[in-house]
Amino acid sequence: MAVERLFKDEATEEKGERARMASFIGAMAIADLVKTTLGPKGMDKILQSTGRGHSVTVTNDGATILKSLHIDNPAAKVLVEISKVQDDEVGDGTTSVVVLAGELLREAEKLVATKIHPMTIIAGFRMAAECAREALLQRVMDNKEDAEKFKSDLMKIAMTTLSSKILSQDKEHFAKLAVDAVMRLKGSTNLEAIQIIKKPGGSLIDSFLDEGFILDKKIGIGQPKRIENAKILVANTAMDTDKVKIYGARVRVDSMSRVAEIETAEKEKMREKVQKILAHGINCFVNRQLIYNFPEELFADAGILAIEHADFEGIERLALVTGGDIASTFDNPESVKLGHCQLIEEIMIGEDKLIKFSGVELGQACTIVLRGASNHVLDEAERSLHDALCVLSQTVNDSRVLLGGGWPEMVMAKAVDELARKTPGKKSHAIEAFSRALIAIPTIIADNAGLDSADLVSQLRAEHHKEGSTAGIDVISGAVGDMAERGICEAFKVKQAVLLSATEAAEMILRVDEIITCAPRKREDRM
């Protein structure tokens with residue numbers, strides 16, 4: 001006896017072929033959405049929010065585009081997730097990972113149509129991914145021992161990463177900034193120590209790197225403009241805690257002198273708090289919240305620099321680089337760890353005054369000041385620079401380097417093709433399909449540059465049949481070029497992450513044979 005209905009109202013299910021098609025189509029649509037942004041000649045997208053203010057973002061960063069989309073298709077959500085993880089893990093390759101997963105599913109769809117079981121395809125993909133990784137491992141270069149060569153590798157990687165972004169015009173300048181900043185970290189991957197400040201005005205080439213920490217605040221009136229050997233107390237405390245709260249509080253008095261008494265009592269409490277802070281033996285006080293006029297006056301009298309309303313990220317980073325703690329109570333001065341730096345002074349960038357902390361405790365700290373025509377340009381420049389910094393900091397730890405420009409994909413595709421010829425049974429079709437998906441990446445790079453991709457990729461394949469070939473697609477000259485000569489390099493860690501994440505995501509979507517959409521829970525009327 002057949003069950004009429006298993007699910008409640010509004011719940012839907014799609015089975016077998018239909019479910020698989022819905023997954024494939026969703027994933028391929030997402031891949032097609034971002035694939036035009038791939039490569040040095042990739043285009044940008046404008047993202048306009050529907051919220052208040054209709055803010056506009058102009059970007060070609062895969063992760064930023066996908067993060068901003070509200071997607072209904074469950075398989076597409078898997079791809080959005082892998083691009084986000086790729087961004088967090090290595091910082092670059094966010095578009096490549098989605099495009100590769102989409103291409104794998106496009107190939108898988110053709111195989112499923114010829115009645116090959118999804119599990120057979122998955123087994124073939126796994127073998128192919130392992131083979132591709134081995135092929136890359138045999139061709140990596142590692143110059144960790146030679147500091148000069150390693151630094152030039154980092155410069156090449158930074159320039160390759162930046163060449164597909166808005167900074168491509170001044171990529172040498174920015175690659176140098178990024179490499180200098182990462183070299184200061186001495187192997188740490190904590191990018192918190194590198195602060196990026198955006199100041200509209202000037203052009204991108206005016207951006208510079210400054211050692212130390214810059215806080216985007218002004219120094220108050222009547223306070224010292226320059227302090228040497230600063231002892232800094234970083235705090236997050238309300239300076240008006242003891243004010244009688246006006247809202248909802250009623251104070252009845254029988255004369256004006258009583259009002260004056262209340263005000264005096266309040267001032268005394270504020271004065272006490274300031275005295276407690278002064279007892280720490282500091283000469284600079286940075287607070288996350290407002291300081292108000294009266295305490296500020298007291299600090300100025302004591303010759304102490306008081307900075308109020310520093311944003312939360314600002315004080316967390318300031319505490320990190322000066323080696324202090326963020327305090328909120330001041331009863332035990334001996335238990336509070338103060339921050340230290342050699343010099344605090346006011347500097348001008350463009351029209352704005354900022355406070356610079358030089359010679360900070362954490363010697364790795366530095367600030368990159370970005371200049372540019374508008375906020376949209378600066379936001380995109382910051383995203384591009386952040387990608388480069390992430391990739392470089394990962395490369396300093398894992399110093400294996402590959403050539404770029406579609407070279408790794410061709411090396412992997414060649415190895416995977418050879419594996420397909422040796423493998424008996426239906427798996428060989430899946431392995432061949434994997435190789436075709438890999439070749440799609442150089443194809444898309446060439447298409448985005450307006451070149452004849454079929455001609456270029458066939459030339460490239462012929463080149464790669466020679467032993468030890470270093471050929472890749474040079475989109476600037478529009479021909480097949482020598483990647484080693486052109487200095488186009490990528491980090492091995494990025495390529496490995498792209499390969500493995502894309503394969504796993506494709507595998508996960510291939511396993512789906514039913515999509516069940518649950519009905520939303522309704523709130524019951526309590527009336």
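These notebook entries record what I looked up in a predicted model of one protein.

**Entry 1. Ground rules**

I number residues from 1 along each chain as its sequence is written. Since the model is predicted, local features need pLDDT of at least 70 and side-chain atom pairs count only at pLDDT 80 or more, while totals for chains, interfaces and linings use all residues; side-chain values use heavy atoms, with hydrogens and water left out.

**Entry 2. The whole protein**

I began with the secondary structure, which comes to 16 helices and 19 strands. Helices (H or I, at least four residues) and strands (E, at least two) are DSSP runs, numbered from the N terminus. Along the principal axes, the C-alpha atoms fill a box of roughly 95 × 75 × 40 Å.

I then looked up burial, where buried means under 20% relative accessible area, exposed over 50%, and partly exposed in between (1.4 Å probe, protein chains only). Of the 527 residues, 48% are buried. The accessible surface is about 26600 Å², and carbon and sulfur atoms hold 50% of it; the areas come from the Shrake-Rupley method with a 1.4 Å probe, and for residues only the protein chains shown count as cover.

For contacts (heavy atoms within 4.5 Å), I took residues at least 6 apart in sequence and found that 74% of their contacts join residues at least 24 apart.

I also checked the charges, with Lys and Arg as positive, Asp and Glu as negative, and His and the chain ends not counted. Each charge is placed at NZ of Lys, CZ of Arg, CG of Asp or CD of Glu. The mean positions of the 68 positive and 81 negative charges are 3 Å apart.

**Entry 3. Salt bridges**

I counted 25 salt bridges, each being a side-chain nitrogen of Lys or Arg within 4 Å of a carboxyl oxygen of Asp or Glu.

I next looked up Arg436, which forms a salt bridge with Glu107 at 3.0 Å between the closest N and O atoms. Arg436 lies in helix α13 and Glu107 in helix α4, so this pair ties together parts 329 residues apart in sequence. Arg436 is partly exposed, at a relative accessible area of 39%, whereas Glu107 is buried, at 7%.

I also recorded Asp180 and Lys176, whose side chains meet in a salt bridge (3.4 Å, N to O). Both residues belong to helix α7 (residues 171-184) and stand four residues apart, about one turn of the helix. Asp180 counts as partly exposed because its relative accessibility is 24%; Lys176 is partly exposed as well, with a relative accessible area of 48%.

I located Asp61 in the loop between β3 (56-59) and α2 (62-67). Asp61 is buried yet has no salt bridge, and the nearest side chain of opposite charge, Lys165, is 4.6 Å away. Leaving out residues up to four places away in sequence, Asp61 touches Thr94, Arg383 and Asp387.

**Entry 4. Aromatic pairs**

I applied this rule: rings of Phe, Tyr and Trp (its six-membered ring) pair if their centres lie within 6.5 Å, and planes under 30 degrees apart count as stacked, over 60 as edge-to-face and the rest as tilted. The count comes to two aromatic pairs. One of them is Phe125 with Phe434, edge-to-face at 5.7 Å centre to centre and 65° between the planes. This pair links distant parts of the chain, with Phe125 in helix α5 (residues 118-139) and Phe434 in helix α13 (residues 427-448), 309 residues apart. Phe125 and Phe434 are both buried.

I found Glu272 in helix α8 (residues 256-278). Glu272 counts as exposed because its relative accessibility is 51%. The C-alpha atoms of Glu272 and Leu438 are separated by 69 Å, the two residues being 166 residues apart along the chain.

In helix α9 (residues 293-301), I listed Phe294, Pro295, Glu296, Leu298, Phe299 and Ala300 as buried. Their cover includes α8, β9 (284-287) and β10 (305-307). After α9 comes Gly303, which has a positive phi near 75°.
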